[in-house]
Amino acid sequence: MTTLFETSPAMPSSAGHAASRQSGRWPHRLLGFSGVLWFLAAAAGQSIFVYYVAASYIPALAQNGYPGLADTALPKGYVAGDLIGNLAIAFHVLIAIVIIGGGPLQLTPQIRNRFPAFHRYLGRIYVVTAAVTSAAGLHLVWTRGVPGGMIGHIAISLDAVLIWICAAIAVRFAMTRQIDRHRRWAMRLFMVASAVWFFRIGLMFWFMTTGGIGIDPETFEGPFLTFMYFAQMAIPLLVLQLYFHAQDSRRAGLKLAAALVVLAATGVTALGSFAATMGMWLPRL
């Protein structure tokens, strides 16, 4: 049986066939390169976000306990008398460090292949913390609210449900040793668990490129924010699915198109991370 870019052993070797093989390989290689480039851009941006969260919130909690969250950028970070809500928001913030910081480690092939035991244990921690912090986030959304009103409530609740679904399916395939399927669902879990980060870099990319069209700075509402509440989950999942589909396809044109989409996503990710770092995270440190 021949593979995607191989010819049959009975087929005569010639310069024409060699050129054909080369023309078939380069879209596949470009697709793989685009995926690696996006991952590097995302890992760098998430590393900065993790540093910001750790540097901002851990000292506040360590020095002043729950009341310390009142002086942070969190809306309603501390509410007097609401022990469950304060505990939920502190847990939600601290566990975000594990989720956002651990995701790239889980998806790095070199770590996964050389340290399989570390990969398995971190994966279990990642899945459990993602599920639990989503529940904490749901509690906060429906008790303390979010900017954007009911649209924000629905979108964030949907993200929590997607996290639970992706986590459950990824675990199921890991337990049945269907590793390729497990990895794909783990990548989907990474996308939906990173929605809070996608929202921020998407928002700052929009401000940097348009000045904030479609956003009311007073109420923090508007059509673009409504779009972003759902795009923070939908766009990463759609781009990832296109990448998977192109990987599985024999069509060079589809591979090339998918690679270009992923490269465009890489540019948005890098610029959005830069804008969020300079405009949102560094000024608050």
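The residues that line the second largest pocket divide into 31 nonpolar, six polar and five charged, where Ala, Val, Leu, Ile, Met, Phe, Trp, Tyr, Cys and Pro count as nonpolar, Asp, Glu, Lys and Arg as charged, and the others, Gly among them, as polar. The model is predicted, so local features need pLDDT of at least 70 and side-chain atom pairs count only at pLDDT 80 or more, while totals for chains, interfaces and linings use all residues. Residues are numbered from 1 along each chain as its sequence is written, and side-chain values use heavy atoms, with hydrogens and water left out.

**The second largest pocket**

- This pocket has a volume of about 1200 Å³; a pocket is an open set of points on a 1 Å grid over the protein atoms alone, where a 1.4 Å probe fits, with protein on both sides within 12 Å along at least five of seven lines, and its volume is the space filled by probe spheres set on the points.
- Of the 42 lining residues, the closest to the pocket centre are Leu 74, His 92, Ile 156, Val 196 and Arg 200, a lining residue being one with an atom within 4 Å of a point.
- The largest share of the lining, eight residues, comes from H4, with helices taken as DSSP runs (H or I, at least four residues) numbered from the N terminus.

**The nonpolar surface patch**

- Tyr 51, Met 208, Leu 271, Phe 274, Met 278, Leu 282 and Leu 285 form a nonpolar patch on the surface, with about 710 Å² of accessible area together; such a patch joins nonpolar side chains within 5 Å, from residues with over 30% relative accessible area and no salt bridge.
- H9 gives the largest share of the patch, three residues, whereas Met 208 has its place in helix H7 and counts as partly exposed at 40% relative accessibility (buried means under 20%, exposed over 50%, partly exposed in between, with a 1.4 Å probe and protein chains only).

**The salt bridge**

- The count comes to one salt bridge, defined as a side-chain nitrogen of Lys or Arg within 4 Å of a carboxyl oxygen of Asp or Glu, and it is formed by the side chains of Asp 248 and Arg 184 (2.9 Å, N to O).
- Because Asp 248 lies in helix H8 and Arg 184 in helix H6, the pair ties together parts that are 64 residues apart in sequence.
- Asp 248 is exposed, with a relative accessible area of 54%, while Arg 184 is partly exposed at 23%.

**A loop residue**

- Arg 177, found in the loop between H5 and H6, has a positive phi near 60°.
- Most residues other than glycine have a negative phi.

Methods:
Helices (H or I, at least four residues) and strands (E, at least two) are DSSP runs, numbered from the N terminus. Patches are made of residues with over 30% relative accessible area and no salt bridge: like charges are joined within 9 Å, nonpolar side chains (Val, Leu, Ile, Met, Phe, Trp, Tyr) within 5 Å. Accessible areas come from the Shrake-Rupley method with a 1.4 Å probe; for residues, only the protein chains shown count as cover.
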